[in-house]
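Here is a short report on one protein model. Look over the fold before reading on.

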Amino acid sequence: MVKGNKEKCLRHMEGRRGAGTRVCALLLAAVLAASALSGCGGDAPAEQAENTIEAAVGDTVPLEGGGMSFEIKGVSEEEEVKPSDPSGYFYYYEDIEGWHYYVVSGVIHNPEQEILSPEDFDVQAVRGNSLYETKAAMENSSASTFMGKGEETVAESPGLFLIVMVEDGKEPPKEVTLYYNEGLGEKKDTEQWDHGIRISVNK
């Protein structure tokens, strides 16, 4: 995804504390583009890695340079996306009329308990030449909430959810790609990601 379009898409994400409740919501703006398949615009692939490997649900893929791996556990279509064990004030993806979430769920195996952050990852979802609105959401060490920007964990097996926004009645993506840098470092604006894991989710 070109830099300007990526920044525009991320601005659709905002956090708020629900009045009178014990939850916080991470919301995608209800008014996106006319079609989820072009929500972030441009010809696919929009953002590439220097090295990309193919994977499928059920695979456990090593993350280069960090002694970690990503286990791809499943895919599902959801009206809302919550952490595995929500409690207290927690962040989640709220039900939005006319839209649903296509979710690739997985776990980062982190035996050396290295520092991990949601900013270590990015997601691209495509069908043909069309792109979807996406987000990488990582659980905290207790799986009670999704972490926000700047938050970190040293958990041995934090959940990582590759979340795709799909308009109701539209087809889901064919491929979802997880991007990361060698040793897991935050991407700089002018660089490609070092590595990609392209997950085939629909034929």
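Two strands pair if DSSP finds at least two bridges between them. S3 and strand S13 (residues 193–200) run parallel and are joined by six bridges. Ala-55 stands opposite Ile-199 in S13.

This is a predicted model: local features need pLDDT of at least 70, side-chain atom pairs count only at pLDDT 80 or more, and totals for chains, interfaces and linings use all residues. Residues are numbered from 1 along each chain as its sequence is written, and side-chain values use heavy atoms, leaving out hydrogens and water.

**Overall make-up**

The protein has one helix and 13 strands. Helices (H or I, at least four residues) and strands (E, at least two) are DSSP runs, numbered from the N terminus. Along the sequence, the pattern is α-β-β-β-β-β-β-β-β-β-β-β-β-β. Of the 203 residues, 48% are buried. Buried means under 20% relative accessible area, exposed over 50%, and partly exposed in between (1.4 Å probe, protein chains only). Among contacts with a separation of 6 or more, 71% come from residues 24 or more positions apart. A contact means heavy atoms within 4.5 Å.

**A proline in a loop**

Pro-158 is found in the loop between strand S10 (133–138) and strand S11 (159–167). Pro-158 is buried, with a relative accessible area of 2%. Leaving aside residues up to four places away in sequence, Pro-158 touches Gly-106, Val-107, Ile-108, Leu-116, Met-138, Glu-139 and Thr-153. Leu-116 is 42 residues from Pro-158 in sequence, yet 8.9 Å away in space, C-alpha to C-alpha.

**Salt bridges**

Side chains of opposite charge can pair when their charged atoms come close. The structure holds five salt bridges. Each needs a side-chain nitrogen of Lys or Arg within 4 Å of a carboxyl oxygen of Asp or Glu.

| Pair | N to O distance |
|---|---|
| Glu-71 and Lys-73 | 3.8 Å |
| Glu-80 and Lys-82 | 3.6 Å |
| Arg-198 and Glu-175 | 3.7 Å |

Arg-198 is partly exposed at 25% relative accessible area, and Glu-175 is partly exposed at 28%. Glu-54, Glu-175 and Arg-198 are linked in a network of salt bridges.
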